Amino acid sequence: MFSVDVGPQYEGETVRKEDFQIEFGGPKHKFKAELVTVKPADQVEDEKIEIIGKDIKDFEEGASCPIFMKIDVAGEQLEKDMEPVFERRLHMYVNYMEGFWHMAQRDEIWMRLHKDSFKKGLNSLEEIGRVLVMLYKNELSIIEKIQITFITDPALVEKEVLEARKIYQARDDRLKGITEEEVDEFYGCSLCQSFAPTHVCVVTPERVALCGAINWFDGRAAYKMDPEGPQFAVQKGELLDPEKFIYSGVNAIVAEKSLGSISGFCLHSALESPPTSCGCFQAILFYIPEVDAFGIVNRDFLGETVTGMKFSGIAGEASGGRQNEGMLGMAVSYLRSKKFIKTDGGVKRVAWMPKAIKEQVKDVLEEAGMYDKIATEEDVKNVDELTEFLNRVGHPWVTGQV
Ligand code: SF4
Ligand code: ZN
């Protein structure tokens, strides 16, 4: 039926840069995304797969191309809230394909097809569409109709991504004002354990998952839809330490899901028992010992950070499901949380970030009086220059004025 094998056994495999036939999305392209939308049944043509733009076989070996994957679903019991949950399943299902690798989410996706799988005959997005149709319908029986469109035409991809960003933003905005204290249940996700076997995400109203694709509402919708699926409920239990945000219920489930290898999390700390990271983080918070403060680097920042390391190098250290003190994979929107690394000093302890993130969260930084205190790649090139910058602008943490 398919040119390559399909199954969970392929989920953890990666495709290296020497081995790919074609790459979709990733850091070379400003615009790429995946979006699932729930639609009325009469607006979804079941099992229709459409390709707008060039197909895999039209490209040279080693090509890299922008992509927009648009999936429309319909079903009696489907709710709008389920869209992010279906969307996140793409990470799992695309990786089920032998020789196909999918990374990240939303407008940051990155995919590669291995040359060997291409040689076996996987030379069209249409086949990938058929695999996805089969998996979605088999694994999520509430989906009654599904239609998939792959767009590779760069101008159209750009247009769709700009629209999709408004939808992602609206999903994140729903959480505004809800606190951890006022809910009894958090949610968790272990979907990434195929790549990072001890990794568990704990999602609270004030802590979106590091992939940025599962927030508290999404966790709740996912659990309700499929209680046996990768997302689960986490009873908060007792707040054992209000400074470190240690909850008995969180620790119990983290220990269980990590098969005993991680005993618990300080939910809002990067320095002491931080939450684990797989590889899907939108950004990484990293400790800079020379200034006793943090830097943040996002996936799309390709240059060197202030410590001389690039995102890829830091990601290598931060990923894999380990509990890495001084490193924290995070969603960029975690910066908007009032509990953002609260145990470690919050946003006042951030010393460096790329200009692009600084602009993205400008309102938050201004509110905290930190917009002018945080250096970017335009201000400093190394840690010595950073120290000088922080002293010059009177950075509150570094100059001890918090
Ligand atoms: Fe789930 Fe976390 Fe992986 Fe996102 S990063 S899919 S929330 S385990
Ligand atoms: Zn992951």
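The following legends describe close-up views of a predicted model. Residues are numbered from 1 along each chain as its sequence is written, chains are lettered from A and ligands numbered from 1 in the order in which they are written. Local features need pLDDT of at least 70, side-chain atom pairs count only at pLDDT 80 or more, and totals for chains, interfaces and linings use all residues, while side-chain values use heavy atoms, with hydrogens and water left out.

**View 1. The zinc ion (ligand 2) and its cysteine donors.** The protein donors of the zinc ion (ligand 2) are the SG atoms of Cys-192, Cys-278 and Cys-280, at 2.2 to 2.3 Å from the ion. Donors are N, O and S atoms within 2.8 Å of the metal (3.2 Å for Na, K and Ca); water is not among the atoms, so sites may look incomplete. Along the chain, the spacing of these donors is C-x85-C-x1-C. Distant parts of the chain are linked by the pair Cys-192 and Cys-280, which are 88 residues apart. Cys-192 belongs to the loop between strand 9 (185–189) and strand 10 (201–203), and Cys-280 to the loop between helix 6 (248–257) and strand 14 (283–288). Helices (H or I, at least four residues) and strands (E, at least two) are DSSP runs, numbered from the N terminus. Cys-192 is buried at 10% relative accessibility, and Cys-280 is buried at 3%. Buried means under 20% relative accessible area, exposed over 50%, and partly exposed in between (1.4 Å probe, protein chains only).

**View 2. The open sheet 4-1-7-6.** Four strands form this open sheet, and their pairing is mixed. Two strands pair if DSSP finds at least two bridges between them. Strand 4 (63–65) and strand 6 (100–103) are the edge strands; each has a single partner strand, so one side of each is left without a neighbour in the sheet. Neighbouring strands are turned against each other by 15° on average, direction ignored. Strands of a sheet pair through backbone hydrogen bonds, either parallel or antiparallel. Strand 1 (residues 20–25) pairs with strand 4 in the parallel sense over 3 bridges, and Ile-22 stands opposite Ala-63 of strand 4. Strand 1 and strand 7 run antiparallel and are joined by 5 bridges, with Glu-23 opposite Arg-112 of strand 7.

View 3. Helix 1 (residues 83–95) has 13 residues and reaches 19 Å from its first C-alpha to its last. This is close to the expected 18 Å, the expected span being 1.5 Å times one less than the number of residues. Two packed helices are described by the angle between their axes and the distance between the axes. Axes are lines fitted to C-alpha atoms, for helices over the stretch in contact, and angles run from 0 to 180 degrees between N-to-C directions. The contact (heavy atoms within 4.5 Å) is made by Phe-86, Glu-87, Arg-89, Leu-90, Tyr-93 and Val-94 of helix 1 and by Leu-132, Leu-135, Tyr-136 and Glu-139 of helix 3.

**View 4. Glu-47 and Leu-259, two residues with positive phi.** Glu-47 has a phi near 65°, a positive value in a residue other than glycine. Glu-47 is placed in the loop between strand 2 (33–38) and strand 3 (49–52) and is partly exposed at 45% relative accessibility. Leu-259, also other than glycine, has a positive phi near 50°. Leu-259 lies in the loop between helix 6 and strand 14 and counts as exposed at 77% relative accessibility.

**View 5. The surroundings of Lys-339.** Lys-339 is located in the loop between strand 16 (327–330) and strand 17 (350–352). With a relative accessible area of 6%, Lys-339 is buried. Leaving out residues up to four places away in sequence, Lys-339 touches Glu-180, Glu-181, Glu-206, Phe-245, His-268 and Tyr-334.
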